[in-house]
Amino acid sequence: MAVTEPPAPAPSSEPPEDDLEIVVTPRLRLRGFWARAGILAAVLVVLGALASQLNLRPDLRRVRVTVLSGPPEGHYHALVAGLATLAARQGGRITNAATEGSRENLTRLAAAGRRCDVQFGLAQAGSELPPGRPLHLVGRLAKAESVFFFGRNADAVTEFAHLKGLRIGIGPERSGTAQLARTILGGADLAPLGPRLSHHTVPEQLDLAARGELDLAVVVMDEDAPLVVEAVRDRGLQIAGFPHLDVVARKHKWLRHGRIGAGQYDPVRMLPPTDKRVLRVDTLVMGNGCASRSQTMGLLTVLAEELPDFMHHNKTTPNATRLPLAAAARSFFDKEGPDWLDEHVPWLVDIMPTANWVYLVMAASMLLNAMTLAHRFRLWRIDVARVKLEAELMRLFGATTTIDDIPGMGPEPALRTEAVRDGTAHVVRALERLAARCRRQSVSMLVPMGQEMAYRYQEGVIHKSLAILRDFRRRCL
């Protein structure tokens, strides 16, 4: 009898599973190349943009500010003009805005509004702060200004009682000089003397004093200012001296007293003929918060270059004004200049100060460490749960049985018990829940970048155990 061979199976149109290959066409290869090239180009553009913002040669290009100074003939205006010239050499721009004086400067700073057309201004210490935008202190000039009482016969004024009924010019109405003079002459001690006060510009009241139409002209100015030298040497004006000015200064924390030496303005003609005691008042650089940190640092840099004692004075002497110091100024004085980031990447510190960047990096580091700790704890708990389930399998199949031994077990009567069937079903359900939990936690934000593979390993072990136990239940139970 002939043996008939079974017909050969018809060839399948699909390749065997082991022979499956991913066919990559030239178009796909080209698309992948251009995708990688595009990503690389984007990264290079971003790095180039960041590098272009790195200021390798520090300058003042970002400084574009307006400083309110004072009358064109005054010391404030001359000082800011010098700062503007120095800033221009380094690419910066400081606009010198002439005003009537301290009071107007503070008023305009406080009323800057959203436009922020002015950012800084000079003012005398003790000036009253107007309502509006909060103002802060940027710095104090090392050399205080002197309060002069000029007059044709001022040498005869040696006591406060000599001020009785005198005609005294106290500067422009919105000037710090006028406010200071009213504070002193209009106080409870000197007001009963009844001095007649009037407002004039500095040149006007010096002219009036030289003609005798004013008995005294109050001028607050640097003792070496050309206008002061001219008033004494050329106009023949004298300086009133009050030996007991210290009693006035002690009542106002922002006032000091000093001395103009005999012959200081003309040692040949001895002008003044004797030492003159005068009041001294600090000059403050005020800001209204409109300027960025880099602009404030730039102005402070120019001040430190123009005035050699500026840094030392602000760092070593107490701030008697009780005005809040700007954060940028505090950093500048503490570090004796701008730090590296302020010089080379000023746009970055304009976003946030250097100290805040350090705190941010520290907070990010602590957060990442906390995330890593939480990730490790959760991964450990998954492993503990899996090991406990493996221990249950050992109790069901024997203390020396491993998960790899179960595929070789047959449908023996000893394994077809209710305890094995229920126990195996319980382990399968627990492993399914554990696999879902492992996958859910693997995509959590707590998992540090690149640490997902630890969860993938646990998932692989769990899925292998599930496959073995499901096969065992199908075969033996």
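Which residue lies over the face of W380, and at what distance from the ring centre? R381 does, at 4.9 Å from the ring centre of W380, where a charge counts as sitting over a ring if NZ of Lys or CZ of Arg is within 6 Å of the ring centre and within 35 degrees of the ring normal. This is a predicted model, in which local features need pLDDT of at least 70 and side-chain atom pairs count only at pLDDT 80 or more, while totals for chains, interfaces and linings use all residues. Residues are numbered from 1 along each chain as its sequence is written, and side-chain values use heavy atoms, with hydrogens and water left out.

**Aromatic pairs**

- Seven aromatic pairs are found in a search of the whole structure; rings of Phe, Tyr and Trp (its six-membered ring) pair if their centres lie within 6.5 Å, and planes under 30 degrees apart count as stacked, over 60 as edge-to-face and the rest as tilted.
- The pair of F160 and F242 is stacked, because the ring centres are 5.1 Å apart and the planes stand at 15°.
- F160 lies in the loop between β5 (145–151) and β6 (167–169) and F242 in the loop between β9 (238–239) and α7 (246–249), so this pair ties together parts that are 82 residues apart in sequence; helices (H or I, at least four residues) and strands (E, at least two) are DSSP runs, numbered from the N terminus.
- F332 and F333 form an edge-to-face pair, with 5.8 Å from centre to centre and 80° between the planes.
- F332 is buried at 1% relative accessibility, and F333 is buried at 4%, where buried means under 20% relative accessible area, exposed over 50% and partly exposed in between (1.4 Å probe, protein chains only).
- Ring pairs also link F149, F160 and F242 into a cluster, of which F242 is buried with a relative accessible area of 3%.

**The surroundings of Q205**

- Q205, in helix α5 (residues 202–211), is buried at 0% relative accessibility.
- A polar atom of the Q205 side chain lies 2.6 Å from the backbone oxygen of V218, a polar contact being a pair of N or O atoms within 3.5 Å; within protein, one must be able to donate a hydrogen and the other to accept it, and residues adjacent in sequence count only if both atoms are side-chain atoms.
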